[in-house]
There are 2 protein chains.
Amino acid sequence: MESVVQAAEITDKRLLRGSRTRRLVLDRAIDIASLDSLEGLSFGRLATDTGLSKAGIQTLFRSKETLQLATIDHFREWFLETVVRPAAAKPRGAQRLRALVDHWIAYVSDPLLEGGCFQVANVAEFDSRPGPVRDALAENQRMWTARLARELTYARDQGEIAELDPELAAFQIDAVLKLANSALRLGDTDAVSKARRTVEALLVSP
Amino acid sequence: MESVVQAAEITDKRLLRGSRTRRLVLDRAIDIASLDSLEGLSFGRLATDTGLSKAGIQTLFRSKETLQLATIDHFREWFLETVVRPAAAKPRGAQRLRALVDHWIAYVSDPLLEGGCFQVANVAEFDSRPGPVRDALAENQRMWTARLARELTYARDQGEIAELDPELAAFQIDAVLKLANSALRLGDTDAVSKARRTVEALLVSP
C-alpha cells in the first residue's frame, strides 16, 4: 500500500515537473510566434531561449505541428486571462465591450507579447495553408468576433446603444484593432486613437 | 561608325534581355511574397520556379535584401497597374473611391496574387524588424491610405457624401479590406460583403 502511495507521489511530481516545463516552453513559444509566427518555432530555438534541453522539449511535444497546436492552445488561455477575464468584471453590454477593447489595446500597445498581436502574425502566415493550424487560428478568430458581437447584441437589445448589425460592427471593431496593431509596429501612433474613435462611434446612445 | 552602332545594338539587346529576365523573376517574386512573405524568397526557389539559372538571378539582384526591395518596387508598379490606374478612369470622389475598392476586392478575391494581399502577408512578417524592407512596406501603406483619403476629401468637399474625417474613414476602409482578405483566405465568404457595407455606409449622401 505504502509503495503504491509513494509511486503515486513520484508520478504526481513528474507530472507537475512536466507541466511546469510545458508552461515555461509555451510561454516562450507564444512570444516567438507573435514575432516570427508559428513557422519560426523550433525545438532548438526554444531550448536556447529557455535553457532546457532540446531532447526534453522534443519528448514533450513530439512534432513541430503538435508544438504549433499546443502554442495556439496556450495563447488562447493566455488571451482569456489577459483580455477576456478582466473585462468580464464589467457589466454585460457596452461597458464590457469597452473593457474588452481597452484590454486588447493594452495587449498590443505595451506590447505584452513581443511581436504584438499573435493572430495577425499567424493568420498572415497560415491563411493560405489548409490544415489543423489554420483551423485553430480561424477558430480563435470566430471566438473573438462572436464575443464582440454578443456584447453588441446585448447593448443594442437593452437600448444602451443605437440600432446596429452586431455581426457587422464586430467585424469593423476587429478590423480597426488589427490594423492598429500593424500600424503601431510600423510606428504610426495615431492608429490607436482612430481605432478608439471607430469603436465609440458604434457605441453611441440611441 | 558602323561598329559603334553595332555595339550599341548589342548593348540594347543585352539590356532588354536583362530587363525581361528581371521582370520574369519579379513577377514570380511578388506571387511568392504574397504567399510566404518576402522572407520566403530565395534565389534557388526563383530559379526553380522560372527555369532561369540561380547564378544569373543572383547576378541581377546580388543580395536577398536587394531582391526583397526590388520585389516591393515591382509590387508597387503592379498594384498601380491593377488597382489604381483602372479606377482613375472614373471621376474623382465617391465614384473613383468605389472603383478603387472594387479593384482591390477583385485583387484579393480572384486572387490575382497567389496568397492574396501582398501587404498583409509582408507587414505581419516585417512589422517588428526595423530596416529598409519595413520602411518600404510602411511607405506603401501610407500611399494607399493617402489615396483613399484624397478621394474621400474630394467627395466631401464637393458635397457628394456626408461630413466625415477623411483620414479616419480611410483607416476604416483599409482596415475592413485587409480583414476581408484574411477572412477570405480562412474561408469566410461573408467578409467581403461586410467590407462593402462598411464602405457604402461611409459614402452616404449628405
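**A chat about two chains**

Visitor: Where does Arg62(A) lie?
Guide: Arg62(A) is in the loop between helix H3 (54-61) and helix H4 (64-87) of chain A. Keep in mind that this is a predicted model.

Visitor: What is phi of Arg62(A)?
Guide: About 65 degrees. That is a positive phi, although Arg62(A) is not a glycine.

Visitor: And is Arg62(A) buried or exposed?
Guide: Exposed. Its relative accessible area is 63%, and over 50% counts as exposed.

Visitor: Over to chain B. Where is Ser37(B)?
Guide: Ser37(B) sits in the loop between helix H1 (2-36) and helix H2 (43-50) of chain B. Its phi is positive too, near 70 degrees. Ser37(B) is a residue other than glycine.

Visitor: Is Ser37(B) buried or exposed?
Guide: Ser37(B) counts as buried, at 2% relative accessibility. The cut-off for buried is under 20%.

Visitor: New topic. What kind of peptide bond joins Asp110(A) and Pro111(A)?
Guide: A cis one, with omega about -25 degrees. Pro111(A) is in the loop between H5 and helix H6 (118-126) of chain A.

Visitor: What about Asp110(B) and Pro111(B)?
Guide: A cis peptide bond joins them, and omega is about -25 degrees. Pro111(B) is found in the loop between helix H5 (94-109) and helix H6 (118-126) of chain B.

Visitor: Back to H5 in chain A. How do the axes of H5 and H9 of chain A cross?
Guide: At roughly 170 degrees. H5 covers residues 94-109, H9 covers residues 191-202, and their axes come within 11 Å. An angle over 145 degrees counts as roughly antiparallel, so H5(A) and H9(A) are roughly antiparallel to each other.

Visitor: Which residues meet there, from H5(A) and H9(A)?
Guide: From H5(A), Leu97(A), Arg98(A), Val101(A), Asp102(A), Ile105(A) and Ser109(A). They meet Val192(A), Arg196(A), Val199(A) and Glu200(A) in H9(A).

Visitor: How many of the residues in that contact are nonpolar, polar or charged?
Guide: The contact of H5(A) with H9(A) has 5 nonpolar, 1 polar and 4 charged residues.

Visitor: Last topic, the whole pair. What rotation superposes chain B on chain A?
Guide: One of 180 degrees, with 0.0 Å of shift along its axis. The RMSD is 0.1 Å. The two copies are thus related as by a two-fold rotation axis.

Visitor: Which C-alpha in chain B is nearest the axis?
Guide: That of Ala175(B), 2.5 Å from the axis.

Visitor: How much of chain B's set of contact residues recurs in chain A?
Guide: 100% of them. The same surface serves both copies.

Notes. Residues numbered from 1 in each chain as written. Chains lettered and ligands numbered in written order. Predicted model: local features only at pLDDT ≥ 70, side-chain atom pairs only at ≥ 80, totals over all residues. Heavy atoms only, no water. Least-squares fit on C-alpha atoms with pLDDT ≥ 70 in both. Contact = heavy atoms within 4.5 Å. Axes fitted to C-alpha atoms, helices over the stretch in contact; angles between N-to-C directions. Helix = DSSP H or I, 4+ residues; strand = E, 2+ residues; numbered from the N terminus. Parallel < 35°, antiparallel > 145°, perpendicular 65-115°, else oblique. Nonpolar A, V, L, I, M, F, W, Y, C, P; charged D, E, K, R; others polar. Buried < 20%, exposed > 50% of the residue type's maximum accessible area, 1.4 Å probe, protein only.
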